[in-house]
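The sequence and the three-dimensional structure are shown first, and the description follows.

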Amino acid sequence: MTRPRRIAVLGGGIAGLSAAYTLAKARQTGAPIEEFLLEASDRLGGHLRTERVDGYVVEAGPDSFLAEKPEAAALCRELGLGDQLIGSNDAERRTYILHHGRLVPLPDGLMFLVPTRLWPTFWTPLLSFRSKAAIVRDVFKPRPKSRGLEQASRGSNVAAGFSPAQSESDVAPNTSPALSGSNVPRGLDTERAGLKPAATFGDTFGDTLDSDDVVMDDESVADFVRRHFGDSMLENIADPLLAGVYGGDAAGLSIRAVLPRFWEMEQKHGSLVRAVLAARRQRRVAPGPASSGSGAGRSRPTTFGQPLPLFMTLRDGLGQLVEALASRLDPSRIHLGQRVVSLGRGGRAELRAVQGQPFPPGEGYVIGCDGGASFAADVVILALPTYTDGRLLAPVDERLAQLLGGIPYTAALTVALGYDAAALASLPPGFGFLVPYKEQRRMLACTFVHNKFPGRVAPGKGLLRCFLGGARDSSILDLDDIFIMNVIRSELHSVINLRAQPEFHRVYRWPSSMPQYSVGHTQRVKLIQSRVAGIPGVFLAGNAYSGIGISDCVRTGRTAAERALAVR
Ligand SMILES: Cc1cc2nc3c(=O)[nH]c(=O)nc-3n(C[C@H](O)[C@H](O)[C@H](O)COP(=O)(O)OP(=O)(O)OC[C@H]3O[C@@H](n4cnc5c(N)ncnc54)[C@H](O)[C@@H]3O)c2cc1C
């Protein structure tokens with residue numbers, strides 16, 4: 001092909017922007033390509049959206065990324081934002097669980113759901129006697145004999161057009177809307193883990209996977225946690241943490257996709273407690289490479305021996321990342337307000353005519369948009385929700401469309417409330433609290449933003465962010481703001497005795513935004529990968545495959561772009 005290859009990026013969220021930026025850089029250094037991006041809405045960034053309201057920095061969606069996953073911080077530094085990276089105030093990191101109507105701190109030393117310190121675990125009222133006994137039993141579990149990591153690796157998180165999950169932080173805390181601030185327990189490390197045969201393969205796939213497709217074991221997070229640590233660990237700790245991260249229900253989420261390291265730990269050690277302690281010891285003996293630059297983005301100690309923060313963000317909010325990425329793209333190649341509604345194989349008469357591009361028959365794709373515009377491309381990167389990917393790819397591969405369309409999504413709703421600091425005097429110290437389902441509230445979590453990151457509010461002010469929705473309450477998005485504010489204010493009153501009127505509030509709705517890594521997800525992703533590999537010039541990126549965090553999306557976007565550049 002003598003003309004430059006046309007590469008289309010569909011979707012201008014962080015995954016699509018990362019792909020477009022990677023392509024633009026390649027073109028500027030001589031790659032023979034013409035890239036362009038199509039975005040349905042009138043703005044770039046997707047879930048990343050920062051507003052400034054009277055001196056408050058308000059994040060409508062995500063507010064940070066897990067420092068341990070390096071891609072987002074690395075991208076910030078590459079874009080010249082290294083000096084804008086800030087870490088969470090981890091000295092203040094205390095997270096509470098609403099338990100019988102009052103806030104109880106998560107016990108120190110908890111690694112997501114694995115206790116590593118004896119006394120805090122045994123004193124906490126969050127765990128029942130049965131769970132405490134189960135923890136003791138876990139310590140003495142024998143190592144599994146035959147099923148080792150060979151089996152574990154058989155279904156590792158590999159997705160089409162994107163690289164394997166970074167095992168590390170699929171231990172949820174990073175991605176959490178709720179967690180993304182408040183609730184990662186102080187002792188929560190993101191070390192890895194191991195495990196034992198996961199039991200049943202659920203029927204979570206509904207009708208979208210054939211029985212032949214189901215070749216590997218998986219189990220729900222709920223079953224896995226219950227098996228190791230009993231009901232109270234599930235109900236009071238694991239389930240609210242996951243509701244914060246995935247907007248999901250532990251009964252439906254896959255242990256292999258959501259917490260792969262715990263699954264691997266079980267395979268290897270049998271006991272999760274022993275596995276976590278062993279990982280911690282290993283880490284102390286062999287610290288990883290010192291980090292460079294601002295130090296952002298590595299979980300290892302810095303050159304000065306200081307641990308890095310759990311979360312990182314940008315001084316003026318994640319909108320800075322979107323602006324920096326957009327500024328590196330040629331505006332004439334960004335098409336806002338273009339909702340893609342069809343994707344056809346090339347060779348059709350209309351494709352050859354599109355935009356005056358002389359496409360030979362049988363080559364490339366024609367992309368149709370709502371409103372009638374169409375675009376021709378040799379290569380297409382889809383960085384869209386999978387329900388849209390599925391619709392677009394149905395004419396190309398019906399089975400692939402079915403697999404993509406079978407990934408469920410839940411909705412999220414965030415509410416930001418700004419206060420005079422005096423009104424927040426009743427707040428306990430820490431990052432915020434989580435609300436287990438059994439407490440029967442609509443709020444899933446609340447972050448004390450002014451404690452979590454420096455510079456989010458003017459002196460003398462405070463900012464709260466509440467999270468609602470999720471798998472059990474998606475319908476809350478249909479209610480009006482007045483109703484939602486009444487719910488929030490009444491729940492804040494009952495939980496933290498906060499009666500004051502906020503100085504301002506904002507309600508943000510995120511319908512069908514959180515892909516659910518249901519039981520069998522890793523297998524589904526492998527099948528998607530193998531089918532996409534059979535379609536020339538099509539790549540997938542985004543949050544639905546191998547991690548929903550910002551770093552995961554950056555990674556999948558950049559990987560898809562690199563693969564697109566390699567197409568000849
Ligand atoms: C409330 C909330 C809080 C979160 N908190 C955190 C956090 O603190 N930390 C963290 O790491 N992660 C967090 N996440 C997850 C993370 O923000 C997302 O997984 C990530 O931003 C998704 O990026 P994406 O590019 O894959 O998708 P999106 O951001 O959804 O981007 C997809 C883009 O495609 C566009 N589009 C859709 N359909 C079409 C079409 N037909 N044609 C053209 N364009 C289309 C959309 O308008 C959108 O701009 C949070 C998510 C939510 C909803």
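Two residues are taken to be in contact if their C-beta atoms, placed from the backbone, lie within 7 Å. Helices (H or I, at least four residues) and strands (E, at least two) are DSSP runs, numbered from the N terminus. The model is predicted: local features need pLDDT of at least 70 and side-chain atom pairs count only at pLDDT 80 or more, whereas totals for chains, interfaces and linings use all residues. Residues are numbered from 1 along each chain as its sequence is written.

**Overview**

The chain has 17 helices and 22 strands. Of its 568 residues, 56% count as buried; a residue is buried if 20 or more other C-beta atoms lie within 10 Å of its own, exposed if 12 or fewer, and partly exposed in between. Among the contacts with a separation of 6 or more, 76% join residues 24 or more positions apart.

Strands of a sheet pair through backbone hydrogen bonds, either parallel or antiparallel. Here two strands pair if DSSP finds at least two bridges between them.

Arg5 stands opposite Ile33 in strand 2, and Val9 stands opposite Leu37 in strand 2. Strand 1 is mostly covered, with five of its six residues buried.

Helix 1 (residues 14-28) has 15 residues, which at 1.5 Å a residue should span 21 Å; its end C-alpha atoms are 21 Å apart, which agrees. The expected span is 1.5 Å times one less than the number of residues. Eleven of the 15 residues of helix 1 are buried, so this helix is largely enclosed by the rest of the structure. Among the buried residues are Ile14, Leu17, Tyr21 and Leu23. What covers the buried residues of helix 1 includes strand 1, strand 2, helix 2, helix 10 (319-327), strand 16 (379-382) and helix 17.

Helix 8 (residues 260-269) is also largely enclosed by the rest of the structure, because ten of its ten residues are buried. Its buried residues include Phe262, Trp263, Glu264 and Lys268.

**Helix 2 against helix 17**

Two packed helices are described by the angle between their axes and the distance between the axes. The axes of helix 2 (residues 71-78) and helix 17 (residues 550-566) come within 7 Å and cross at roughly 70°. That makes helix 2 roughly perpendicular to helix 17. Axes are lines fitted to C-alpha atoms, for helices over the stretch in contact, and angles run from 0 to 180 degrees between N-to-C directions. Angles under 35 degrees count as roughly parallel, over 145 as roughly antiparallel, 65 to 115 as roughly perpendicular and the rest as oblique.

In this contact, Glu71, Ala72 and Leu75 of helix 2 meet Ile550, Ser551, Val554 and Arg555 of helix 17. By class, the contact has four nonpolar, one polar and two charged residues. Ala, Val, Leu, Ile, Met, Phe, Trp, Tyr, Cys and Pro count as nonpolar, Asp, Glu, Lys and Arg as charged, and the others, Gly among them, as polar.

Another open sheet has three strands in the order 5-11-6, with antiparallel pairing. Strand 5 (65-66) and strand 6 (85-87) are the edge strands, and each pairs on one side only. Strand 6 and strand 11 (residues 311-314) are joined in the antiparallel sense over three bridges. The bridge partner of Ile86 in strand 11 is Thr313.

Thr313 counts as buried because it has 33 C-beta neighbours inside 10 Å. Not counting residues up to four places away in sequence, Thr313 touches Asp63, Ser64, Ile86, Leu318 and Phe453. Thr313 and Asp63 are 250 residues apart in sequence and 6.8 Å apart in space, C-alpha to C-alpha.
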